[in-house]
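Please keep the sequence and the 3D view at hand while reading.

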Amino acid sequence: MDKGFRLARGFFITFEGGEGAGKSTQIERLARKMRAKKYDIVVTREPGGSPGAEAVRHVLLSGAAEPFGAKMEAFLFAAARSDHVEQVIRPAVERGAIVLCDRFMDSSRVYQGVTGGIDVDFMDALEQVAINGMVPDMTLIFDIDPAEGLRRATVRRGGEAGADRFEKETLAIHRKRREAFLAIAAAEPDRCIVIDASGDPDMVENVVTATVFAALEARTPTQNRQTAPA
Ligand code: TYD
């Protein structure tokens with residue numbers, strides 16, 4: 001397989017936002033475009049992305065951990081994240097790949113922290129242990145009215161059945177999550193960019209592509225120096 005060229009320094013991009021915002025579709029489209037330009041691309045997701053983290057994913061999304069409380073869930077998300085970072089993300093960034101990750105630490109801040117009611121200092125400590133310095137270079141926050149997002153998520157699943165433990169929650173909770181993601185974007189403008197995800201997929205794709213390529217071009221020539229794959 002053609003692995004694409006490597007950058008002198010990899011690039012770690014996370015995609016965040018509420019349910020049904022179209023992150024996965026846009027990640028696929030962006031990956032296709034970047035591979036066509038011969039970038040070495042790793043597409044991954046959370047919870048999951050490594051064998052250890054995928055084993056924990058089912059426990060979290062089935063709701064099996066829910067009876068044990070938000071703190072238990074926060075620890076499990078953090079455990080999965082730590083494994084994913086060390087097994088997949090860090091090695092990829094170190095070899096000069098561009099990593100596109102569907103959800104990461106901001107989802108924990110929002111879902112477990114803000115709407116799970118867990119103390120911010122505790123969440124910060126957990127985050128630092130889990131990511132171990134692997135802060136995303138760029139985070140795209142997909143913003144959509146939660147009512148529309150949930151409608152899209154239901155259509156995608158082919159009906160009401162099959163919603164996961166978090167999708168099932170009330171619209172009021174999803175609205176709080178939207179506000180929390182926007183608050184993160186406002187607090188960390190150097191890392192986060194809000195993407196209006198309400199438009200049609202082609203429109204959103206144009207914005208995502210322009211944003212990511214502009215960010216890559218803004219890096220130093222040393223970081224962007226290309227070498228053939230090993
Ligand atoms: P999934 O079906 O993978 O994705 P998505 O909603 O992005 O299409 O579901 C992941 C669910 O897990 C989603 O409801 C958000 C939730 N989640 C957390 O609560 N905390 C986290 O740290 C992460 C990564 C996800």
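## Terms and model

The model described here is a predicted one.

## The largest pocket

The largest pocket holds about 580 Å³ of space, and its lining is made up of 28 residues. Among these, Lys-23, Glu-46, Arg-57, Asp-102 and Arg-103 lie nearest the centre of the pocket. Two or more lining residues come from each of helix 1 (23-36), strand 3 (41-45), helix 2, helix 3, helix 4 and helix 6, and helix 4 gives the most, with four residues.

Sorted by class, the lining of the largest pocket has twelve charged residues, together with eight polar and eight nonpolar ones.

## The ligand in its place

Where does the ligand sit? The ligand is found in the largest pocket, and of the 16 residues around the ligand, those that come nearest are Glu-19, Lys-23, Arg-103, Ser-108 and Gln-112. Helix 2 (51-61), helix 3 and helix 4 each supply at least two residues of this shell, with helix 4 giving the most, namely four residues. The shell divides into eight charged, five nonpolar and three polar residues.

Particular atom pairs can also be picked out between the ligand and the side chains around the ligand. An oxygen atom of the ligand lies 2.9 Å from a polar side-chain atom of Arg-57, and an N or O atom in the side chain of Arg-103 is 2.7 Å from an oxygen atom of the ligand. For Gln-112, a polar side-chain atom lies 2.7 Å from a nitrogen atom of the ligand. Taken alone, the ligand exposes 550 Å², and the protein buries 93% of that area.

## The second largest pocket

The second largest pocket has a volume of about 210 Å³. Its lining consists of 15 residues, of which Gly-20, Ala-21, Gly-22, Thr-25 and Arg-152 are the closest to its centre. Helix 1, helix 6 and helix 8 (201-217) each supply at least two residues of this lining, and helix 1 gives the most, with four residues. By class, the lining of the second largest pocket has six polar, five nonpolar and four charged residues.

## The enclosed cavities

At least two residues of its lining come from each of strand 5 (138-143), helix 6 (146-157) and helix 7 (171-187), while helix 7 gives the most, with five residues. Seven residues of this lining are nonpolar, four are charged and three are polar.

The second largest cavity has a volume of about 60 Å³, and the residues that line this cavity include Ala-74, Phe-77, Arg-81, Met-105, Ser-108, Met-123 and Glu-127. Helix 3 (70-94), helix 4 (105-114) and helix 5 (120-131) are the elements that give two or more residues to the lining of the second largest cavity. By class, this lining has seven nonpolar, three charged and one polar residue.

Notes: Residues numbered from 1 in each chain as written. Predicted model: local features only at pLDDT ≥ 70, side-chain atom pairs only at ≥ 80, totals over all residues. Heavy atoms only, no water. Nonpolar A, V, L, I, M, F, W, Y, C, P; charged D, E, K, R; others polar. 1 Å grid on protein atoms, 1.4 Å probe; cavity = no way out; pocket = protein on both sides within 12 Å on 5 of 7 lines; lining within 4 Å. Points joined across faces, edges and corners; volume = space filled by probe spheres on them. Near = heavy atom within 4 Å. Polar contact = N/O pair within 3.5 Å; in protein donor to acceptor, adjacent residues only side chain to side chain. Areas by Shrake-Rupley, 256 points an atom, 1.4 Å probe, with all protein chains shown as cover. Sits in = over half its atoms within 2 Å of the grid points.
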